[in-house]
Amino acid sequence: RRVLFRSALSSERDLDRLLDLILTEARRFTGSDAGSLYLLEDAEDQTQLRFKLAHNDAVEFEFAERTMPLNDASMAGYVAGHVEPIVLDDVYAIPEDRPYRFNSGFDDMTGFRTRAMIVVPMLDHVGGTVGVLQLMNPRGADGEPTTYPEDLVPLLSSLATQAAVSIKANELTLAMRRLFEDFASAAVAAVEMRDPTTAGHSHRVAGYSVELAKIVDGLRDGPYESFTFDRDELRELETAALLHDFGKIGRAHV
């Protein structure tokens with residue numbers, strides 16, 4: 001199962017689906033009713049935590065992303081800042097000498113009762129903190145509520161590290177894609193400067209190409225019924241169509 005999980009992590013290019021996969025597998029691995037995932041992000045002159053995803057099998061709720069300060073007041077902030085896991089049998093009985101406290105807002109709003117919790121940092125291959133994985137309310141083999149054993153920390157931390165490396169790789173791929181798309185936009189602008197009367201031609205060709213591909217993708221009979229395009233393929237087609245006149249730059253200087 002771990003091998004299949006690593007394979008799925010490395011092959012998933014969509015960040016939202018990747019994060020959902022990480023949290024789903026972490027909950028399955030620990031038998032948890034609920035879980036949350038936080039990512040570190042830079043905002044102006046400080047680093048903050050983004051509450052990126054939440055799962056809960058016990059209650060229905062509407063999730064909305066939000067940011068929170070990176071400090072010791074929250075368990076996620078403490079774990080991210082100190083790179084130190086937290087294991088609690090009851091979040092409502094946190095020792096007074098701990099700097100963090102449990103925010104009961106979700107419990108008060110939904111009627112859910114958070115009990116045991118485990119929080120681990122998500123570290124990349126060089127030990128940098130990428131985010132925080134937080135799991136709640138585990139169940140034993142008999143389906144009854146239980147607590148998280150301390151020896152679960154190394155196993156869950158290993159899973160979190162694999163996830164963090166995949167997130168960083170995903171972010172790097174996205175940055176490279178954006179860089180290439182910026183290059184493509186600059187190239188198209190250079191091409192269209194040669195003849196202002198056809199300005200916008202490349203973007204129109206790209207738009208038509210993508211729309212035609214979507215139509216083909218939706219066909220359920222005929223000679224093109226076996227042709228499909230996923231989101232990445234549509235994006236590649238759009239970029240290729242956008243650059244279809246790129247060779248004119250070279251010919252202009254011959």
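Author: **The paired strands and their surroundings**

Leu88 stands opposite Met117, a residue of β5. The model is a predicted one, in which local features need pLDDT of at least 70, side-chain atom pairs count only at pLDDT 80 or more, and totals for chains, interfaces and linings use all residues. Residues are numbered from 1 along each chain as its sequence is written, and side-chain values use heavy atoms, with hydrogens and water left out.

The pairing of β4 with β5 is antiparallel and comprises 3 bridges. Two strands are taken to pair if DSSP finds at least two bridges between them; strands (E, at least two residues) and helices (H or I, at least four residues) are themselves DSSP runs, numbered from the N terminus. On to β6: 7 bridges connect β5 with β6, again in the antiparallel sense, and Met117 has Met136 of β6 as its bridge partner. These two strands make a hairpin with 5 residues between them, and in its turn Gly127 shows a positive phi of about 85°. As for burial, 7 of the 7 residues of β5 are buried, and the strand is mostly covered. Buried here means under 20% relative accessible area, exposed means over 50%, and partly exposed lies in between (1.4 Å probe, protein chains only).

From β6 the description passes to β1. Strand β6, residues 129-138, is joined to β1 by 7 bridges, and the two run antiparallel; in this pairing Leu37 faces Leu133 of β6. Of the 12 residues of β1 (residues 32-43), 9 are buried, so this strand is largely enclosed by the rest of the structure.

Most residues other than glycine have a negative phi. Asn137, although not glycine, has a positive phi near 55°; Asn137 belongs to strand β6 and, at 1% relative accessibility, counts as buried. Val83, likewise not a glycine, has a positive phi of about 50°. Val83 lies in the loop between α3 (75-82) and β4 and is partly exposed, its relative accessible area being 39%.

In soluble globular proteins, nonpolar side chains tend to be buried together.

Aromatic rings complete the account. The structure contains 8 aromatic pairs. In one of them, the ring centres of Phe51 and Phe63 are 5.1 Å apart and the planes stand at 85°, so the pair is edge-to-face. This pair links distant parts of the chain, with Phe51 in strand β2 and Phe63 in the loop between β2 and β3 (66-69), 12 residues apart. Rings of Phe, Tyr and Trp (its six-membered ring) pair if their centres lie within 6.5 Å, and planes under 30 degrees apart are stacked, those over 60 edge-to-face and the rest tilted. Phe51 is buried at a relative accessible area of 8%, whereas Phe63, at 31%, is partly exposed. Together with Tyr38, Phe51 and Phe63 form one aromatic cluster.
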